[in-house]
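Here is a short tour of one protein model, written to be read with the structure open beside it. Please take a moment to turn the model around before reading on.

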Amino acid sequence: MPEHLERSASWHGLRPGDPVEIAGVAGRGLTWTFQAHVRNRHNGTESVEVLGGRPGQQHVRSFRPEQVFPVGGRKRGVPSLDDAPQLPLG
């Protein structure tokens, strides 16, 4: 990985393998799991790397943090994980 990219295995309470929902991706039966949070130190942009897709697929995709929601959160009107981190209780 290039040195200017900072990759973290946790983000806003998520750990690799935690299920998430992605806004703006159409498709029936799509499932996604969190893999990593990536920050570009050159320009400050961030992305969230997830694994999944249609049943039986395991594609790696990157999305903007504001597109990532807890499972079931979009239907309930819960804010994205970028806006409302699911941090563990101290």
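## A buried glutamate and its partner

E49 is buried, since its relative accessible area is 15% (buried means under 20% relative accessible area, exposed over 50%, and partly exposed in between, using a 1.4 Å probe and protein chains only). The side chain of E49 meets that of R7 in a salt bridge, at 2.3 Å from N to O; the term stands for a side-chain nitrogen of Lys or Arg within 4 Å of a carboxyl oxygen of Asp or Glu. This pair links distant parts of the chain, with R7 in strand β1 and E49 in strand β4, 42 residues apart. Strands here are DSSP runs of E with at least two residues, helices are runs of H or I with at least four, and both are numbered from the N terminus. R7 counts as partly exposed, at 44% relative accessibility.

A word on the source: this is a predicted model, in which local features need pLDDT of at least 70 and side-chain atom pairs count only at pLDDT 80 or more, while totals for chains, interfaces and linings use all residues. Residues are numbered from 1 along each chain as its sequence is written, and side-chain values use heavy atoms, with hydrogens and water left out.

## A salt-bridge network

How many salt bridges does a search of the whole structure find? There are four. E6, R39 and R41 are linked in a network of them. R39 pairs with E6, and their closest N and O atoms are 3.5 Å apart. That bridge joins distant parts of the chain: R39 sits in strand β3 (residues 31-40) and E6 in strand β1 (residues 5-8), 33 residues apart.

E6 also forms a salt bridge with R41, where the closest N and O atoms lie 3.9 Å apart. Here too distant parts of the chain are linked, as E6 belongs to strand β1 and R41 to the loop between β3 and β4 (46-53), 35 residues apart. As for accessibility, E6 is partly exposed with a relative accessible area of 34%, R39 is partly exposed at 29%, and R41 is partly exposed at 44%.

## The nonpolar core

Which residues make up the largest nonpolar core? The eleven residues are W11, L14, V20, I22, W32, F34, V48, V50, F63, V68 and L81. Two or more of them come from each of β2 (19-22), β3 and β4. A nonpolar core is a set of buried Ala, Val, Leu, Ile, Met, Phe, Trp, Tyr and Cys residues joined through side-chain atoms within 4.5 Å. In soluble globular proteins, nonpolar side chains tend to be buried together.

Leaving aside neighbours within four places in sequence, W11 is in contact (heavy atoms within 4.5 Å) with F34, H37, E46, V48, P65, V68, L81 and D82.

## The largest pocket

The largest pocket holds about 290 Å³ of space. On a 1 Å grid over the protein atoms alone, a pocket is an open set of points where a 1.4 Å probe fits, with protein on both sides within 12 Å along at least five of seven lines, and lining residues have an atom within 4 Å of a point. Grid points are joined across faces, edges and corners, and the volume is the space filled by probe spheres set on the points.

The lining consists of V20, E21, I22, V25, G27, G29, L30, T31, W32, V71, R74 and K75. β2, β3 and α1 (73-76) each supply at least two lining residues, and β2 gives the most, with three. By type, the lining divides into six nonpolar, three polar and three charged residues; Ala, Val, Leu, Ile, Met, Phe, Trp, Tyr, Cys and Pro count as nonpolar, Asp, Glu, Lys and Arg as charged, and the others, Gly among them, as polar. One of the lining residues, G27, is found in the loop between β2 and β3 and is partly exposed, with a relative accessible area of 41%.

## Loop residues worth a look

Q67 is found in the loop between β5 (59-63) and β6 (68-70). Is Q67 buried or exposed? Q67 is buried, with a relative accessible area of 11%. Not counting residues up to four places away in sequence, Q67 touches E21, I22, A23 and G24.

H12 lies in the loop between β1 and β2. Although H12 is not a glycine, H12 has a positive phi of about 45°; at 26% relative accessibility, H12 counts as partly exposed.
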